[in-house]
Amino acid sequence: MITIQPREPGLADAVRAGAAGLYSLEAACDLVISAGWLHRDYFNCFVSTVTSITDGVTELAHIDWQAAISSRDAGLLPCSSGENRILRLAASIAAGIPVDLSDALSGLDQARIALVVRAVLHANGQRPADHAGS
């Protein structure tokens, strides 16, 4: 399975921390992280970070899914067709943004479909043992 680490490892941690406890959001965030979206500076403009008020230390990040999809639709967010499908599937899982499943699923390679399957299972509460409780 392909996993691309973001340029700023802390950003992935912050995105995961911001999504923690909400399975659909966790799944969508892991999907874009695993697909390498956080590795792209031009995607990171859709990610905002704050420091947790609970402990004053933990960085929390939020992805503006609608803005990212609107930017894609306007042709302002460059990516391959497979990356576009992953982004749209993640936005649908996270924020309910409609996606054409016939198009999105039929055009994915084996590595990307495995990421999507993992995200769907996670969103349903079926988390792999290595991620349970994290």
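**Entry: aromatic rings**

I noted at the start that this is a predicted model. How many aromatic pairs are there? I found 2 aromatic pairs. One of them joins tryptophan 37 and phenylalanine 43. I put Trp37, Phe43 and Phe46 down as one aromatic cluster.

Tryptophan 37 has 0% relative accessibility, so tryptophan 37 counts as buried. Phenylalanine 43 is also at 0%, so phenylalanine 43 counts as buried. Phenylalanine 46 has 12%, and therefore counts as buried too.

What lies over the face of tryptophan 37? I found arginine 40 there, at 4.9 Å from the ring centre.

**Entry: alanine 68**

Next I looked up alanine 68. I located alanine 68 in helix H4, which runs over residues 65-73. Its relative accessible area is 0%, so I wrote it down as buried. Which residues does alanine 68 touch, leaving aside neighbours within four places in sequence? I listed Phe43, Phe46 and Leu77. Two of these names were already in my notes, as Phe43 and Phe46 belong to the aromatic cluster.

I also checked alanine 68 against alanine 91. They are 23 residues apart in sequence. In space, their C-alpha atoms are 8.6 Å apart.

**Entry: helix H7**

Then I turned to helix H7, residues 110-123. Does its length agree or disagree with what its residues should span? H7 has 14 residues, and at 1.5 Å a residue these should span 20 Å. The end C-alpha atoms are 20 Å apart, so the two agree.

Which residues of H7 are buried? I wrote down Leu115, Val116, Ala119 and His122. Why do I place them on the same side of H7? They cover an arc of only 125 degrees around the axis, which puts them on the same side. What covers these buried residues includes helix H2 (23-34), helix H5 (81-95) and helix H6 (101-106).

Last, I looked at what follows H7. Glycine 125 comes after the helix, and its phi is positive, near 95 degrees.

Terms used. Residues are numbered from 1 along each chain as its sequence is written. This is a predicted model: local features need pLDDT of at least 70, side-chain atom pairs count only at pLDDT 80 or more; totals for chains, interfaces and linings use all residues. Side-chain values use heavy atoms; hydrogens and water are left out. Rings of Phe, Tyr and Trp (its six-membered ring) pair if their centres lie within 6.5 Å; planes under 30 degrees apart count as stacked, over 60 as edge-to-face and the rest as tilted. Buried means under 20% relative accessible area, exposed over 50%, partly exposed in between (1.4 Å probe, protein chains only). A charge sits over a ring if NZ of Lys or CZ of Arg is within 6 Å of the ring centre and within 35 degrees of the ring normal. Helices (H or I, at least four residues) and strands (E, at least two) are DSSP runs, numbered from the N terminus. The expected span of a helix is 1.5 Å times one less than its number of residues. The arc is that of the directions from the helix axis to the C-beta atoms. Contact means heavy atoms within 4.5 Å.
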